[in-house]
Protein chains: 2
Amino acid sequence: MDTKTALLDSAETIARQRGFDGFSYADLSAAVGIRKASIHHHFQTKAILGQAMMERYRISFDDALSEVKRGTNSAADRLRGYVGLYQDALQGGKTICLCVALSSDRNSLDDATLNEISRFHAMSLAWLETLFDDAKSDGSIKSVMDSKLEAAQCLALVEGAQLMAHAQHDVDVFISATELLLARVSA
Amino acid sequence: MDTKTALLDSAETIARQRGFDGFSYADLSAAVGIRKASIHHHFQTKAILGQAMMERYRISFDDALSEVKRGTNSAADRLRGYVGLYQDALQGGKTICLCVALSSDRNSLDDATLNEISRFHAMSLAWLETLFDDAKSDGSIKSVMDSKLEAAQCLALVEGAQLMAHAQHDVDVFISATELLLARVSA
DNA sequence: CCATGCCAACCTACTAACAGGTAGGTTTGC
DNA sequence: GCAAACCTACCTGTTAGTAGGTTGGCATGG
C-alpha cells in the first residue's frame with residue numbers, strides 16, 4: 001500500500017482513540033514500519049499531517065453522507081442512517097469521530113486544521129438542514145421545528161453522545177442519548 | 001490564598017481551556033508563583049492532581065445544581081438554569097466544563113480520575129431525571145417522554161454543544177444547539 | 001544496450017525543548 | 001527544634017524536527 005495513505009490511516013486510527021496530542025511520529029513509525037524521520041518526507045510537520053488527515057476525513061464523511069442519501073427514501077430513514085454512522089464510528093466505545101477527537105485538542109491545532117473542522121461542521125449542518133426540510137415535506141419525522149436549529153441540535157447531540165460514550169468506553173451511553181431522537185422517526 | 005487551592009484553581013482554568021494534556025507543572029509554576037518541584041509537595045503526581053481537580057469540580061457543580069434547584073419553582077425554570085450553567089461555563093467559547101475537557105483526554109487519565117468523570121455523569125443524569133420527572137407532574141416542559149432518556153439526551157446535548165462552541169470559539173454555536181430544548185419550556 | 005544523472009524514498013544520528021518526577025538542602029513560623 | 005513549605009539542581013524519557021548520507025528505480029543520451 002501507498003506509504004502516505006498508510007500513514008494517514010494509522011494517524012487517523014490513533015487520533016480517533018487518543019486525540020491529536022495522543023499520537024506521535026514514533027507511534028506512526030512503529031505502526032507503519034518506516035523510521036520516524038522518514039515520515040517527515042511525506043508530511044513535513046505534524047500540523048500538515050493533521051490538516052491532511054482532517055481534510056481526508058471530511059471528504060470521506062461527505063461521501064458517506066451521500067451514500068446514506070442515495071440508499072434511503074424518507075427523511076426518517078436518512079436520520080437513522082446518520083445516527084448509525086456515528087454509532088458505527090464509535091466501534092464499541094473505543095474510537096470516536098475524528099472531528100470530535102480533534103475538537104478536544106483545539107489548542108494544539110493550527111489554523112488550517114481548525115478551518116477543516118469548521119468546514120466539517122458546516123457540511124454536516126447543511127446536510128442535516130436539508131434532511132429536516134425534507135422531513136417537513138414527507139412528514140416522516142415528528143414535530144419538526146426550525147430546520148437550522150434541528151440540525152444544530154442534532155449535530156451537538158451525536159457529538160456529545162460520542163464523547164460521553166468514549167469517556168466510559170460504553171456504546172450503550174450513545175444509544176441511550178440518541179434514543180429519543182430516533183423515537184421521533186420510528187413510532 | 002492557600003497554595004493548594006491556588007494550584008487547583010490554575011490547573012482547572014488551564015485544563016478547561018486546553019485539556020488535561022494541555023497543562024504542565026511548568027505552567028502551574030508560572031501561574032502560581034512557586035517552583036515546579038514545589039508543586040509535588042502538594043500533589044505528588046499529576047494523576048493525583050487530576051483526580052483532586054475533578055473531584056472538587058464535581059462537588060462544586062453539585063452545589064451549583066442544588067443552588068439552581070433552590071432558586072427555582074418549576075421544572076422549566078430548573079432546565080433553563082441548568083443550560084445556563086453550561087453556557088456560563090463556556091465564557092464566550094474560551095473554556096468548557098472540566099468534565100468535557102477531561103473526557104477528551106481520557107487516555108492520559110488514571111482510573112481514579114476516570115471514575116470521577118463517571119460519578120459526574122451519574123450525578124448529572126440523576127439530577128436531570130428528577131427534573132424531567134417533576135416536569136411530568138407540573139407540566140412545565142412540553143412532551144416529556146421517558147425521564148431517563150430525556151436526561152441522557154439533555155446531558156449529551158449540552159456537552160456536545162460546548163465542545164462545538166469551544167472548537168469554534170463561538171458561544172452562538174452553543175446557543176443555537178440548545179435553542180429547541182429551551183423552546184420546549186419557554187413557549 | 002548500457003552509462004549517466006536524477007530524484008523520491010528511505011535511512012542513521014542528532015538536536016533543543018519540554019515532560020513528569022526525584023534528591024536533598026534551606027527557609028519560615030509555630 | 002521541628003515540620004511544612006519551598007528551593008536548586010538534576011534525571012530520564014519523549015517530543016517534533018533537522019542534517020546529511022544511502023538506495024533503487026526510471027529516464028535520457030551516446
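This is a predicted model: local features need pLDDT of at least 70, side-chain atom pairs count only at pLDDT 80 or more; totals for chains, interfaces and linings use all residues.
Contact here means heavy atoms within 4.5 Å. The contact takes in 34 residues of chain A and 35 residues of chain B.

**How the two copies are related**

- Two copies of a chain are related by a rotation about an axis and a shift along it.

**What the interface is made of**

- The size of an interface is often given as the accessible area lost when the parts come together.
- For chains A and B, the buried area is about 3200 Å², and carbon and sulfur atoms give 67% of it.
- Three residues, B:Arg106, B:Met164 and B:Leu180, supply 20% of the area that chain B buries against chain A, more than any other three residues.
- On the chain B side, the elements giving two or more residues are helices H6 (98–104), H7 (111–138), H8 (147–167) and H9 (171–186).
- H8(B) brings the largest share of that side, with 14 residues.
- Sorted by type, the chain B side has 15 nonpolar, 12 polar and 8 charged residues.
- How many salt bridges are there between chain B and chain A? The count is 0.
- Polar contacts do turn up, though: 9 residue pairs between chain B and chain A make one, both residues being at pLDDT 80 or more.

**A buried leucine: A:Leu155**

- A:Leu155 sits in helix H8 of chain A, which covers residues 147–167.
- Is A:Leu155 buried or exposed? Its relative accessibility is 0%, so it counts as buried.
- Setting aside neighbours within four places in sequence, A:Leu155 touches A:Tyr82, A:Tyr86, A:His121, A:Ser124, A:Leu125, A:Leu128 and, from the other chain, B:Met164.
- A:Val83 is 72 residues away from A:Leu155 along the chain, yet their C-alpha atoms are separated by 9.5 Å.

**Salt bridges**

- Over all chains, the count comes to 20 salt bridges.
- A:Glu67 and A:Arg70 pair up in one of them, with N and O 2.6 Å apart.
- These two are 3 residues apart in helix H4 (residues 46–70) of chain A, so about one helical turn separates them.
- A:Glu67 is partly exposed at 46% relative accessible area, while A:Arg70 counts as exposed at 61%.
- In chain B, B:Arg18 bridges to B:Asp27, the closest N and O atoms being 3.5 Å apart.
- Both ends are partly exposed: B:Arg18 at 28% and B:Asp27 at 27%.
- B:Lys148 and B:Glu129 form another salt bridge, at 3.4 Å between the closest N and O atoms.
- This pair links distant parts of the chain, 19 residues apart: B:Lys148 is in helix H8 of chain B and B:Glu129 in helix H7.
- B:Lys148 is exposed at 55%, whereas B:Glu129 is partly exposed at 24%.
- Back in chain A, salt bridges that share partners tie A:Asp9, A:Glu12, A:Arg16 and A:Arg56 into one network.

Terms used. Residues are numbered from 1 along each chain as its sequence is written. Chains are lettered from A and ligands numbered from 1 in the order in which they are written. Side-chain values use heavy atoms; hydrogens and water are left out. Helices (H or I, at least four residues) and strands (E, at least two) are DSSP runs, numbered from the N terminus. Buried means under 20% relative accessible area, exposed over 50%, partly exposed in between (1.4 Å probe, protein chains only). Buried area is the accessible area (1.4 Å probe) that two parts lose on being put together, summed over both. A salt bridge is a side-chain nitrogen of Lys or Arg within 4 Å of a carboxyl oxygen of Asp or Glu. A polar contact is a pair of N or O atoms within 3.5 Å; within protein, one must be able to donate a hydrogen and the other to accept it, and residues adjacent in sequence count only if both atoms are side-chain atoms. Ala, Val, Leu, Ile, Met, Phe, Trp, Tyr, Cys and Pro count as nonpolar, Asp, Glu, Lys and Arg as charged, and the others, Gly among them, as polar.
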